[in-house]
Amino acid sequence: MKLLKTIRLSKENTLGFVLLGMFLLMALFVPNFLSAGNIKNMMFQLPEFGILSLAMMVVIITSGIDLSLTYRAALSGVIIAMALSAGAAIPVAIMFGLLAAVLCGLLNGFFIAIVGVSPILITLGSMILFESISLGLTKGNSVSGFPPEYRVIGNGAVGAVPISLLIFLLVAVITAMLLNRTKWGRGVYMAGSNPVATLFSGINTKRVLLLVYLYGALLTCVAAVIMTSRYNSARVDLGSSYLLQSVAAAVLGGTNIQGGYGKVIGTVYAVGIFQLISSGLNLLGTPRTFVSVLMGVILILVLMMNYYYDKLADKKETAGAAA
Amino acid sequence: SEGGSSDGENVNETGELTIAVVPKLVGIPYFNASEAGAIKAGEELGVNVIYTGPTEADASQQVSVIEDLISRGVDVIAVAPNDSDSLTPVLERAREEGILVMDWDTPADPNVVDLSVNQIDDFEFGEAMIDKLVASMGTEAGEIALLTGGLSAANLNTWLDAVEEVVADKYPDLTIIQERIATNERQQEAYQITLDLLRANPELKGILAVSTPAPLGAAQAVQERDLQDSVSVVGSALPTDSGPFLEDGSLDAAILWNPEHLGYLTVYLAKELAAGNMPQNGDVIAGEIGPISVDGKKVIMGPPTNFVADNYQDYDF
Amino acid sequence: MKNILKTKELGIGAILLLVCIIITLINPVFLTADNLADVLKANAVLGILAVGMTLIIITGGIDVSVAAVTSAVAVAIGHLMLYLPDHPVSLVVVFAAAVFAGTLLGMINGFFIVKFSIPPIVVTLGTLSIISGALLFITNGNYMSGANFPEVFTAFSKYEIFGISILIYILLFFSLITWGILKYTVIGRSIYAFGGNSVSAVRVGISMKKVQYFIYGYMGFLAGIAAVTQTAYIRAVDPNGLLGFELTVIAAVVIGGASILGGNGSIAGTLLGTLLLGVMQNGLILARVDSYWQNLVTGTVIILAVSYDHLQKKRIDAQTAQIEVK
Amino acid sequence: MNHFLEMRHISKTFPGVKALHDVQLLIKPGEVHALIGENGAGKSTLMKILAGVLQPDDGAEIKLDGEAAAIEKPLDAAEKGISIIYQDLSLFPNLSVAENICIGKTFGRSLFSRVNWKTVRETAKKAMAEVGVKLDLNTPAERLSIAKQQMVAIARAIAFQSKLIVMDEPTSALSNTEIEMLYRIIENLKAQGIAIIFISHKLNELFKVADSFTVLRDGNYIGTYESSEINEDKLIALMVGRELVKEKYEKHPTGDSLLEVKCLSKRGNFKNVSFTLKSGEIVGITGLVGSGRTELVQAVFGLNPPDEGEIVLYGKPYKPVSAEKSVKLGIAYVPENRQREGVVLKQSLTNNMTITCLEKLKYRIGLIDFSQEKRLAEYYMESLDIRPRIPEMSAEQLSGGNQQKVVLAKWMAIHPRILIIDEPTNGIDVGAKSEIHRLLRNLAKEGMGIIMVSSELPEILNVSDRILVMRHGRIHGEFSAASATQEMIMSVAFKGKEDEKAESLQNA
Ligand SMILES: Nc1ncnc2c1ncn2[C@@H]1O[C@H](COP(=O)(O)OP(=O)(O)OP(=O)(O)O)[C@@H](O)[C@H]1O
Ligand SMILES: Nc1ncnc2c1ncn2[C@@H]1O[C@H](COP(=O)(O)OP(=O)(O)OP(=O)(O)O)[C@@H](O)[C@H]1O
Ligand SMILES: [Mg+2]
Ligand SMILES: [Mg+2]
C-alpha cells in the first residue's frame with residue numbers, strides 16, 4: 001500500500017508531465033518554437049499572468065473566488081501611473097499603488113472575512129466598483145509618461161532571464177513558503193476545508209481570511225507594477241482578460257474549487273501550459289479564437305484524465321487490499 | 001475565414017515579403033472589413049499578409065500578439081493600437097530586430113513608427129459628425145447626447161473631444177447631457193440606454209454616436225418610439241448595417257470611411273515602405289482609394305463618406 | 001415561522017423598493033408605466049437566464065457558459081431564419097430549433113459534470129472558452145441584421161398584449177413554469193434536496209445524475225428561449241453581444257437570495273434580483289448620473305445589498321437558535 | 001428458519017481497507033436486533049450495503065423473505081421495505097419537516113411526476129402521529145433540535161411503510177427522556193411486526209430493547225446471540241476480543257482554583273450561572289439536550305461572548321472574546337459535533353493535530369519545521385493509540401473514536417490547564433470510551449481542570465468529581481459525585497414533573 005502511494009502520481013506531477021510533453025511536441029512541430037525570440041517572449045509574457053493566477057489560487061483555497069482581481073490590478077496600476085506621471089519617485093509611486101491595492105483588499109476582506117458575506121457576491125460588487133474608480137480617475141484614457149528606469153522592471157533582463165520572471169519565481173517561492181510553512185498558510189488550508197473547526201481550534205479565521213485578501217492585494221500590486229512597466233502605461237482594462245483565465249489556471253493546477261487544497265507548483269505548471277498553447281498556436285498562425293477553444297479543451301481533458309487516473313489508482317488499491 | 005493569417009510555414013523561408021496587420025481585435029465587422037481589404041491587397045500585390053489580433057480589445061493581449069509576430073520574423077508590422085503607450089516598448093523591440101513598424105486606424109507613439117496610416121483627420125471627422133447632426137436637427141440649440149462604444153477607447157475619445165470642442169466654439173446653445181455615455185460596443189446596450197435616455201430627456205433633439213454598433217442601437221430605439229422626426233441620430237456606422245435605419249430616417253446619417261480601403265492602403269504602403277519608398281502627398285493609390293495626403297510620416301486616406309438613405313446601397317461593407 | 005421564510009425575499013424586496021423610491025424622487029418619469037415596461041422588456045433575457053441559473057445554483061452548481069450558449073443559439077437561429085419563409089410556422093421552427101440547440105449544449109455540460117465528476121465551474125469555464133472561441137471563429141463576429149429575418153418574426157418581436165411586449169410574457173411564462181417545476185414536481189423538490197444534502201439525496205434514492213442532466217439541460221433550454229428573446233429584442237444577431245453576461249446572470253440570482261453553496265433560492269427572489277439590476281441601470285440614466293461614476297453607484301449598491309441581506313439572515317438564524325431560558 | 005432478512009458472505013473492500021470479511025446477518029420479522037462492534041468494525045458499512053448505497057464484493061448473498069434479492073441502488077432497498085436512519089440522520093436542512101418525511105418513495109417514482117402537497121402533508125402528519133411528537137410540518141429541518149430531527153428521521157421510515165428499519169446510533173444525540181421515548185416508539189413498531197436493526201455503543205441500553213445481538217470485530221463476524229443467553233461483560237469481551245478491566249474512580253486531591261464563573265448571562269442562552277473549577281478537578285455538567293450547556297461552555301471558551309457576569313481565570317479577571325485568546329491562555333475545547341466543529345475532515349491527521357501549536361514548531365527563520373511536526377504527530381498518535389498510524393491520511397478516513405482522539409491530541413499538544421469537553425464519547429465504542437475516560441482522569445490527576453458536558457449519566461457519575469445540572473439555561477443543582485445518583489440528577493433536570501417533560505420536548 002505504501003509502495004503504491006509512492007508510485008501514484010500526484011495531480012501536480014501529472015500536470016508537470018503534460019507540460020513537458022507539450023513542450024516537446026511544440027519543440028518538434030512548431031517552427032521557430034525554440035528560437036531565442038520565442039523563448040524570450042514566453043518568459044516575458046508569463047509572469048504577470050502567473051502572479052495573478054497565484055493570487056486567485058490563494059483565494060480559491062479558502063473556498064472563495066476573487067472576481068475583482070484584475071480590476072484591482074488595473075486600479076493599482078492606474079494609481080502608480082498617475083503618481084509617476086505626476087513626477088513621483090518610483091518607490092513612492094509603487095507605494096501609492098500598493099496602498100490602493102491594500103485598500104481594495106481591505107474592502108473585500110472586511111465584507112468577506114469580518115461581515116461574512118460570500119466572496120463571489122462581494123467581489124462581484126467590488127469589481128464593478130474598482131472599474132468605476134479607475135474609469136473616473138482616468139476618464140477612460142491611458143496614463144503614461146514613466147521614467148525610463150521604471151520600464152526596466154517589466155522589460156529588463158538579467159542575462160537572458162527577464163526581471164519580471166525572476167519576480168514571478170520569487171513570488172511563487174514566497175507564496176509556497178507562506179502557504180506550507182507558516183501558521184497563516186496552514187490556517188488558509190484548514191479554514192478552506194472547515195472554517196468552523198478551524199475557528200474552534202483557536203485560529204482567528206477572520207484574520208486568516210483578511211490576510212488572504214491583503215496578500216491577494218499585494219500580489220495584484222506586483223502584477224500591476226510589472227504590467228504598467230511592460231506596457232508603459234495603465235488603463236482601466238489593464239489585464240482584464242486574465243480574470244477567468246486565472247480561475248482556469250488555478251483549477252487546472254489542481255486547486256480544489258471547494259477550497260482546502262491547492263499547490264503553487266500546480267498553478268505554475270498550469271500557467272506554463274496556457275503560455276505554451278498561446279505561443280505555440282500563434283507561431284503556427286492559428287487564429288486567436290482557436291487558442292481559446294483549445295484552452296477549454298485542455299482544461300476539460302486534463303480533469304478527465306485526473307478522473308480516470310483516480311479511478312485506476314482506486315482499483316489498484318482495492319485489489320491490493322483484497323489480496 | 002481564417003483570420004487572414006498564413007499557414008504554419010516559417011515565414012522567412014518563402015522569400016516573400018511578409019506584412020503583419022494587427023487590428024485592435026478580431027471578430028467585429030469593422031475589422032473584418034479592413035481584413036478583407038488587407039487580404040485583397042496581399043493577393044494583388046503579391047505579398048504575404050498575416051492579419052491577426054487579440055480576441056478582446058485588450059492592450060496586454062495585443063502586446064503578446066506582436067511579440068509572437070516578432071518571433072515569426074515578419075518584415076513589416078502594422079498595428080491599430082488599443083493603447084498606444086502600451087505598445088511603445090514592444091514596437092521598439094520590433095524595430096531593433098529590423099522590422100518596419102507602422103500604425104493604422106489609430107496612431108501609435110510617433111517616435112516608434114516608420115509610417116502612420118490615418119483614415120482621416122480626427123478633428124475633421126468629429127467636426128463633420130457634429131455639423132451633420134446639427135444640420136439634421138435643423139436647429140443649433142437644444143439637448144444632445146453623446147454615445148460612445150467605451151469610455152476608454154482612445155480614438156473614440158479623440159473624436160468626442162473634437163466634437164465637444166466644436167460644440168463649445170461653434171454651437172454654444174447646444175447642451176450635452178450627461179457627458180459621454182458608454183454602450184460597451186454593443187448594439188443592445190446602445191438600444192436600451194437610448195430608450196432610457198429618451199424617457200429621461202423628452203427634450204432631446206439629437207444623438208451623436210461613435211463606434212459602429214452604437215448608432216444602430218440608438219437608431220433602433222428612435223425607430224421603436226417613432227421619434228424619427230423629432231430626434232436626429234448621426235454616428236459612425238457601416239452602411240450595410242445602417243440601411244434599414246437610414247431608410248425610415250431613424251438614422252439620419254452614418255459617417256465613416258471605407259475600412260476595406262484602409263486595410264488595402266495599409267498593406268500597399270507597407271509594401272512600398274519595405275521597398276524604401278515613402279509615399280508623397282497626392283499619390284493616387286491603385287483602386288478607388290483616390291489621392292492621399294501626406295505630412296511627414298503621417299498619411300491621411302481622405303475625407304469621410306456620408307452614408308445616407310440615398311447612397312448606402314452603393315457600398316458593400 | 002412563515003414570516004421568517006418570507007423574509008428571504010423581503011430583504012431584497014426592501015432594497016429594491018428603496019432604490020425605486022430614490023430614483024422616483026430624483027426623476028418621477030421612473031414610475032410611469034411605460035418606463036417600467038421598458039425596464040422589464042430590457043431585462044427579459046437576463047430574467048430568463050437567471051431563472052434557469054437559479055435551479056443550478058440551488059443544487060450548489062454554477063454555469064458560466066450560459067452567455068456563450070445563448071449567443072451560439074442566437075447565431076444558429078439567425079442563420080436558420082435566412083432560409084425560413086414568411087409563415088407563422090417559421091416561428092415555431094425557430095423556437096423548436098433554439099430549444100433543441102440550447103438543450104443539446106446544456107446536456108454537454110451535464111455530461112462532463114455527471115460522467116467525470118468535474119466541478120461544474122470548471123466544465124462550464126471550459127465550454128465557455130470552447131463555445132465562444134468557436135463562435136467567433138465561425139462568425140468572425142459579424143452582425144446579422146434583422147432586416148433579412150422573416151416578416152413574421154419581426155411582427156412577433158413587436159407583438160404586444162394589453163400594451164405589454166410579448167417578451168415580458170415570455171419571461172413571466174417561463175418563470176411561472178419553472179416555479180411550478182420547483183414547487184410541484186418531484187424533480188423540483190429533488191433539486192432542493194440535492195442542494196441541501198447531496199449525500200442524503202442519494203440515500204433516499206434521488207438520482208443525482210438525472211437531476212444534473214435535467215438542470216443543465218433545462219438551463220440550455222432556457223438559453224434557447226433567451227436566444228430567441230434576445231434576437232427579437234435587438235432584431236439582430238450579435239455574436240459578441242452577450243460577452244461576459246454570465247456574471248450579470250449569476251449576480252441576479254445571488255442578489256435574489258440564492259445561496260451559492262446550494263440549498264436555497266427561489267424564482268421570486270431571482271426575479272427581484274433581476275429587477276434590482278435592471279432598475280439600477282435604468283435609474284442611473286434617468287437620474288443623469290455622470291457616466292464615469294455610474295458603476296460606483298452600482299458596485300456600492302450591490303455590496304451593501306448583499307451585506308444587508310446577509311446580516312438580516314444571520315440575525316434571524318441567531319434568533320431561532322435561542323433556547324428558552326427560565 | 002423464517003428469517004425476514006438473510007445476508008451471508010458479505011465482504012467489502014475499500015481502497016486500502018478491508019472493511020468487511022465474510023460477514024453474515026440474519027433478522028427475524030418483528031425483532032429488535034442489535035448490531036454491535038467497536039468503531040470501525042464495519043457496522044455502518046454493512047448497513048450501507050443493505051441500503052444499496054454500497055455494493056458488496058463478489059460472492060455476497062442477500063435474501064429477503066427467503067428469496068434472493070438484488071439491492072443495487074437505494075431505491076431498491078426502499079421498495080423492498082428497508083429503511084435506514086443514518087448516524088447523521090440524512091435530513092435535508094433546507095426542506096420542511098413534511099417533505100423530509102415524504103421525500104423519496106412517497107413523492108413518486110418518476111422525476112416528472114407531480115408532488116401532491118396534500119398527500120404529502122397527510123402522510124407526514126400520520127407518520128408524526130405514530131412517532132407521537134407534534135411538530136409544525138412547515139418548519140425547515142435545520143431549525144429543529146437534534147432530538148426532533150431524530151423523530152423526523154423515524155417518521156420518514158414509518159411513512160415508507162418499511163418492514164425493516166435500521167437505526168444507526170439513534171441515541172447518541174438524545175437525552176434520557178428522549179431515549180425513553182424512542183424505546184416506546186420501537187416497541188410500537190415491533191408490535192406492528194416491523195423488524196429493527198439497532199446500532200449503538202451504549203450497551204446497557206441495548207439490553208432494554210434488543211432481542212438478539214450480532215457482534216462484529218475488525219470486519220469479521222463474531223456471532224449472533226439471544227439477549228437471554230448473554231450479558232454486557234460477555235458482549236464487551238466479544239467486541240474487543242479481550243476483557244476490559246473496569247476501573248474504579250479514585251478521588252484525588254484538587255488544587256488551586258483555575259476558573260471562577262460568576263453570574264454569567266447571555267440572552268436566549270443561559271442566565272446567572274456561577275461555578276468554580278479547581279486544578280485536578282473534573283466538573284460534570286449535565287441536563288437535558290437544549291438546556292444551554294453547550295452555549296455556556298462555548299461562552300467560557302470565547303466562542304459565544306456573554307452579555308453579563310464575570311469570569312476569573314487563574315486569579316485574574318478574564319473576558320472571553322475569542323477562541324484564539326482562550327487557547328493562548330491554556331484553555332482547550334473539544335466540541336460536541338466532532339465532524340463539523342472538531343476535525344477538519346479533508347485535511348491530514350498531522351495538520352489536524354498541529355494546528356493548535358504551530359508556533360512551537362518554528363525553525364530558525366520562523367517557518368514550520370516539518371520533521372519536528374512529524375515527530376509531534378507521531379508522538380501523539382502513539383500515545384493516544386490513534387489507528388491507523390498514518391499521519392498523512394485524511395481525517396475523514398478515520399472512525400469516530402479515532403477522530404475524537406485526534407481532536408484530543410490537538411489539545412494535548414498545547415498542554416492546556418483547562419480542558420472543556422462536550423459530549424466526549426458521543427458515538428464512541430466501549431473500548432475507546434474507557435480509554436478516553438482514563439485519559440481524562442489521568443489529565444486531572446496531573447493537575448488539569450476539566451469541564452465535561454455530557455448527557456450520559458453513567459459517564460457523568462463515573463468520571464466527574466462534581467456535577468452541575470442545568471435546566472432552561474440555569475444551574476439548578478450541584479452534587480458531589482460520591483453522593484449523587486441517577487435519580488437525583490434526573491429529578492433536577494426535569495424538575496420531576498411529567499408535564500414539564502412534555503413541554504421541554506416541545507420547546508427543545
Ligand atoms: N468510503 C470509505 N473509504 C475507505 N474506507 C472506508 C470507507 N468507509 C468506511 N471505511 C472503513 O471501513 C471500516 C468500517 O467502517 P464503518 O463506518 O462501517 O465502521 P462502524 O462500525 O460503523 O464504526 P462506528 O461505530 O465508528 O460508526 C473502517 O475501517 C473505515 O475506516
Ligand atoms: N439540528 C441542528 N443543527 C444545527 N444547530 C443546532 C441544531 N439543533 C440545535 N442546534 C443548535 O445547538 C444549540 C443548542 O442546542 P442543544 O439542543 O444541543 O443545546 P445544549 O444545551 O447545548 O444541549 P447539550 O447540552 O446537549 O449540548 C443551539 O445553538 C441550536 O441552535
Ligand atoms: Mg458507523
Ligand atoms: Mg450541546
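Over all chains of this predicted model, the count of salt bridges comes to 40, a salt bridge being a side-chain nitrogen of Lys or Arg within 4 Å of a carboxyl oxygen of Asp or Glu. Local features are reported at pLDDT of at least 70 and side-chain atom pairs at pLDDT 80 or more, whereas totals for chains, interfaces and linings use all residues; side-chain values use heavy atoms, without hydrogens and water. Residues are numbered from 1 along each chain as its sequence is written, and chains are lettered from A and ligands numbered from 1 in the order in which they are written.

One of these salt bridges joins the side chains of Glu48(A) and Arg230(A), at 3.3 Å from N to O. Glu48(A) belongs to helix α3 (residues 36-61) of chain A and Arg230(A) to helix α11 (residues 205-231) of chain A, so the pair ties together parts that are 182 residues apart in sequence. Helices (H or I, at least four residues) and strands (E, at least two) are DSSP runs, numbered from the N terminus. Glu48(A) and Arg230(A) are both buried; buried means under 20% relative accessible area, exposed over 50%, and partly exposed in between, with a 1.4 Å probe and protein chains only. A network of salt bridges links Glu48(A), Arg230(A), Glu67(B) and Arg93(B).

A further salt bridge in chain A is formed by Asp66(A) and Arg72(A), whose closest N and O atoms are 2.9 Å apart. Asp66(A) and Arg72(A) are likewise both buried. Between Glu224(B) and Lys41(C), which also form a salt bridge, the closest N and O atoms are 3.0 Å apart. This pair crosses between chains, from helix α7 (residues 213-224) of chain B, which holds Glu224(B), to helix α2 (residues 33-42) of chain C, which holds Lys41(C). Glu224(B) is partly exposed, with a relative accessible area of 29%, while Lys41(C) is buried, with a value of 11%.

In chain D, ligand 1 is surrounded by 16 residues, the closest being Asn39(D), Gly40(D), Lys43(D), Ser44(D) and Thr45(D). A residue is counted in such a shell if one of its heavy atoms lies within 4 Å of the ligand. The shell around ligand 1 divides into 4 nonpolar, 9 polar and 3 charged residues. In this division Ala, Val, Leu, Ile, Met, Phe, Trp, Tyr, Cys and Pro count as nonpolar, Asp, Glu, Lys and Arg as charged, and the others, Gly among them, as polar. At least two residues of the shell come from each of β2 (17-27) and α1 (43-51) of chain D, and α1(D) gives the most, with 3 residues.

Several polar contacts involve ligand 1, a polar contact being a pair of N or O atoms within 3.5 Å; within protein, one must be able to donate a hydrogen and the other to accept it, and residues adjacent in sequence count only if both atoms are side-chain atoms. Oxygen atoms of ligand 1 lie 3.2 Å from a polar backbone atom of Ala41(D) and 2.9 Å from a backbone N or O atom of Gly42(D). The side chain of His201(D) places an N or O atom 2.9 Å from an oxygen atom of ligand 1. Of the 630 Å² of accessible area that ligand 1 has on its own, the protein covers 75%; accessible areas come from the Shrake-Rupley method with a 1.4 Å probe, and for residues only the protein chains shown count as cover.

Around ligand 2 there are 15 residues, of which the closest are Gln149(D), Gly292(D), Arg293(D), Thr294(D) and Glu295(D). Residues from chains C and D form this surround, so the site is shared between chains. Domain 1 (5-240) and domain 2 (257-330 + 416-507) of chain D both contribute to the shell, so ligand 2 lies between them; the domain bounds come from an automatic or database domain assignment. Within chain D, α5 (146-159) and α9 (293-301) each supply at least two residues of the shell, and α9(D) gives the most, with 3 residues. By class, the shell around ligand 2 comprises 4 nonpolar, 6 polar and 5 charged residues.

A nitrogen atom of ligand 2 is 3.1 Å from a backbone N or O atom of Leu144(D). A polar backbone atom of Gly292(D) lies 2.4 Å from an oxygen atom of ligand 2, and a side-chain N or O atom of Glu295(D) lies 3.1 Å from an oxygen atom of ligand 2. The protein covers 79% of the 610 Å² of accessible area that ligand 2 has on its own.
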